[in-house]
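Here is a short briefing to read alongside the model.

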Amino acid sequence: MAASPRRSPLALAVLATLLEAPMHPYRMQQLIKERGKEEVINVRQRASIYQTIDRLLRDGLVAVRETERDENWPERTVYELTPAGRQLITGWVREMLSAPARDYPEFPAALAYMMLLEPADAAAQLRARADTLAAELDRVGAGLAAARYLPRIVLIEDEYRIALLRAELSWLTAVIAELREGTLSWDEAQLREVAARYSPATGS
């Protein structure tokens with residue numbers, strides 16, 4: 001049995017863009033950026049778009065419509081959505097909305113080993129993160145406020161990002177306070193004791 005096409009945010013964006021009209025990759029990248037979707041979909045590297053399109057071609061979800069030739073531009077391949085791609089895209093949206101992905105972002109991994117730092121050092125690093133997130137919250141909030149003339153549905157991902165930023169900032173503020181007050185603390189001796197007490201027994 002053939003494997004199901006592998007979905008990704010960028011693959012979804014490509015299919016959604018082609019749902020509007022056939023176009024070449026450069027125009028896809030432009031359109032995604034013009035609409036502010038590059039905030040949630042990584043389209044900085046055009047090579048990534050070409051790699052994604054190649055995969056969608058192999059999976060039969062897009063097809064070559066034509067090759068544009070212009071004296072002032074290199075040849076450009078125009079792609080279009082296939083019936084299979086048109087059928088699949090709404091299924092992807094349903095799956096991505098309903099089922100949380102098993103992602104492995106860096107921050108939770110760093111938290112898992114935060115005890116490698118001294119508590120004061122950890123507090124300083126979390127404070128730097130909080131400052132960065134606060135600036136990002138201001139930036140995204142200002143952008144959302146400036147775009148309020150648009151229908152809410154085309155800005156909904158920014159609402160979500162703001163909610164996540166606020167929640168993380170609230171949590172960070174509380175943890176930083178605990179680290180500075182000493183109610184959250186650790187030292188090497190304590191960690192060694194915990195490791196010895198709770199490590200599974202090993203046989204020789």
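## A charged side chain without a partner

Let's start with Arg55, which is buried and yet forms no salt bridge. The nearest side chain of opposite charge is that of Asp59, 4.7 Å away. A salt bridge needs a side-chain nitrogen of Lys or Arg within 4 Å of a carboxyl oxygen of Asp or Glu. Please keep in mind that this is a predicted model.

**Around Arg55**
- Arg55 sits in helix H3, which covers residues 46-58.
- Which residues does Arg55 contact, leaving aside its neighbours within four places in sequence? They are Arg6, Ser8 and Ala11.

**Overall make-up**
- If you trace the protein from its N terminus, the elements come in the order α-α-α-β-β-α-α-α-α-α.
- That gives eight helices and two strands.
- The C-alpha trace spans about 70 × 55 × 35 Å along the principal axes of the protein.
- The radius of gyration of the protein is 23 Å, while a compact globule of 204 residues would have one near 17 Å.

**Contacts, burial and surface**
- Of the 204 residues in the protein, 27% count as buried.
- Take the contacts between residues at least 6 apart in sequence: 61% of them join residues at least 24 apart.
- The protein exposes about 14200 Å², and carbon and sulfur atoms supply 55% of that area.
- On the charge side, the protein carries 26 positive and 29 negative side chains. The centres of these two sets lie 5 Å apart.

**Val175 in helix H7**
- You will find Val175 in helix H7, which runs over residues 156-181.
- Is Val175 buried or exposed? Val175 counts as buried because its relative accessibility is 9%, and the cut-off for buried is under 20%.
- Not counting residues up to four places away in sequence, Val175 touches Leu126 and Leu184.
- Val175 and Pro119 are 56 residues apart in sequence, and their C-alpha atoms are 11 Å apart in space.

**Gln125 in helix H6**
- Gln125 belongs to helix H6, made up of residues 119-146.
- With a relative accessible area of 45%, Gln125 is partly exposed, since that value falls between the 20% and 50% cut-offs.
- How far apart in space are Gln125 and Ile176, C-alpha to C-alpha? The distance is 9.4 Å, for two residues that are 51 apart in sequence.

Note on methods
Residues are numbered from 1 along each chain as its sequence is written. This is a predicted model: local features need pLDDT of at least 70, side-chain atom pairs count only at pLDDT 80 or more; totals for chains, interfaces and linings use all residues. Side-chain values use heavy atoms; hydrogens and water are left out. Helices (H or I, at least four residues) and strands (E, at least two) are DSSP runs, numbered from the N terminus. The radius of gyration is taken over C-alpha atoms; the globule rule is 2.2 Å times the number of residues to the power 0.38. Buried means under 20% relative accessible area, exposed over 50%, partly exposed in between (1.4 Å probe, protein chains only). Contact means heavy atoms within 4.5 Å. Accessible areas come from the Shrake-Rupley method with a 1.4 Å probe; for residues, only the protein chains shown count as cover. Lys and Arg count as positive and Asp and Glu as negative; His and the chain ends are not counted. The place of a charge is taken as NZ of Lys, CZ of Arg, CG of Asp or CD of Glu.
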